[in-house]
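This briefing covers a ligand site and the pocket around it. Please look over the sequence and the model before reading on.

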Amino acid sequence: MTTTFKDIPDKYKIKTLLHQSTYLVDGELKPWKGETAEVYSTISSTEAYKPTLLGTIPQLGKKEAMEVLKSASSAYKKGQGLWPTMKVIDRIKCMETFVKQMKTKREEVVKLLMWEIGKNLGDSEKEFDRTIDYIYDTIEAYKQIDRDSAKFEKNSGVYAHIRRGPLGIVLCLGPYNYPLNETFALLIPALIMGNPVIFKPAKHGVLLISPLLEAFQNSFPKGVVNIVYGRGRVLATPLMQSGKIDVLALIGNSKSANALQEEHPKGNRLRMVLGLEAKNPAIVLPDADLDLAVEECIAGSLSFNGQRCTALKVLYVHESVVEEFNRRFTYKVDQLKFGNPWEEGAKLTPLPETDKPAYIQELIDDALEKGAKIINKKGGETTENYIFPAVLYPVSKDMRVFKEEQFGPVVPIVSFSDIDEPLDDMAESNYGQQVSLFGKNVHTLSPLIDTLVNLVCRVNLNSSCQRGPDVYPFTGRKDSAYGTLSVHDALRSFSIRTFVASKDNEYNNAILTELLEKKTSNFISTDYIL
Ligand code: G3H
């Protein structure tokens, strides 16, 4: 797609480059004079296609990785640090200070989301707003957890005051498809529970963190938030090898998660919170409302060009309706508008990874060779930064597009005659995040639902797969996740129950009473935070 500088609305034009010349360590935005990397957008600003230079970021090395580790360790200070021992109410105040400042950066962040990862305007705004809501919801959920623990229990003559405490240093790595929302869905709960964090932005969607650096710096005590730039291998590997990372929080793919996990010398010390890849299927039964199924499968497979871990990545359609489904589905796919992210109605947008169109083309070629056809008119049309979604049918198990997580615009359709076919495939699959089930008859649906809930972690009835609302558990089986992320569950994932126990006798009870009256401990408290 070609565009010109004048076609770009003024407020979205890149007029000045953003040179990120600092990194956040020990509460300081430390200037970086070493190697830098240029950040390009695959969106062109000129008539003849040319990627647009957006700015530069530091390429930090092992030395800086060790520097931030020291900074985070000092903030934790063997559990005595200001942050891990701070009163819950005061940690919440820091978070409120941060979110207040973050809200003022909406325009800058949204603009960078569009340029850096090609997400359309509506979805970029949604990503920002959803993240703000996530932070407020997290604060409320933490207050509730705190209220629930503002008490003493007594069992077998022993009093217990049980709370959730931090785990230690968290290494936080987010994905490029939700560089703000998913990263913050790890970062925010990790922080609020009292853990210091080392955060490296994703490979795309890096500059959009820049407008927030000062807010991070001035909202939290020094060393609590550390932000580094550079290659994952260069920075994350030595951090893991140090054995001092207590939690690996990563949304990305299982290969990187496994590789990093293996670098850690103390397997039992390392906790993990992982959101990984998936190959969510849709199953369209003979009695499904086809228009509804088509609409949901379009949104499910092609929102943000299919670059979502929750995207529908294979559609199983019953043989009795497959012809009609394909006819309606391909018509709708070809109606989808491709354009730059700020263009009205643009549903398909440039792909941020320069090698993605070629990869998708490989999947298409492999499928065609093995007997599938592209059944929509525009399928596979290629431009410099895009490949129009190809709908492939009939897809069989020997094809790469059946096995690999395409994470991009290509939709494989498999027809089935017996429901055991998709069920067996799902049972054999390495993934187990979600499924979309389209149908109406409760006698057919019931046994299916009862089985599917044991193969994945969310069965979406007559709707596409998705993570939200964020209060619901977001997790998966097998290679799709480790741990659960919802507003509430994330707070649990980044903390551990820890308590003070005392035998019920006059001596101890007098001490506890005095502790409570004088409010000298930040941990022992029966105050309610409203
Ligand atoms: O990349 C995976 C995201 O968690 C998907 O979230 O379903 O809200 O797009 P979403």
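The points below describe the ligand, its contacts and the pocket in turn. The model is predicted.

**Shell around the ligand**

- The residues surrounding the ligand are Arg-130, Asn-177, Tyr-178, Glu-182, Arg-308, Cys-309, Thr-310, Gln-466, Arg-467 and Phe-474.
- By class, this shell has four charged, three polar and three nonpolar residues.

- Arg-130 places a polar side-chain atom 2.8 Å from an oxygen atom of the ligand.
- For Arg-308, an N or O atom of the side chain is 2.7 Å from a ligand oxygen atom.

- The volume of the second largest pocket is about 700 Å³.
- Its lining is made up of 28 residues, and those closest to the pocket centre are Asp-123, Lys-126, Tyr-178, Ser-303 and Arg-308.
- The lining divides into eleven charged, nine nonpolar and eight polar residues.

**Helices in the lining**

- At least two lining residues of the second largest pocket come from each of helix 5 (121-148), helix 6 (181-192) and helix 10 (290-302).
- Helix 10 contributes the most to this lining, with five residues.

Conventions. Residues numbered from 1 in each chain as written. Predicted model: local features only at pLDDT ≥ 70, side-chain atom pairs only at ≥ 80, totals over all residues. Heavy atoms only, no water. Near = heavy atom within 4 Å. Polar contact = N/O pair within 3.5 Å; in protein donor to acceptor, adjacent residues only side chain to side chain. Nonpolar A, V, L, I, M, F, W, Y, C, P; charged D, E, K, R; others polar. 1 Å grid on protein atoms, 1.4 Å probe; cavity = no way out; pocket = protein on both sides within 12 Å on 5 of 7 lines; lining within 4 Å. Points joined across faces, edges and corners; volume = space filled by probe spheres on them. Helix = DSSP H or I, 4+ residues; strand = E, 2+ residues; numbered from the N terminus.
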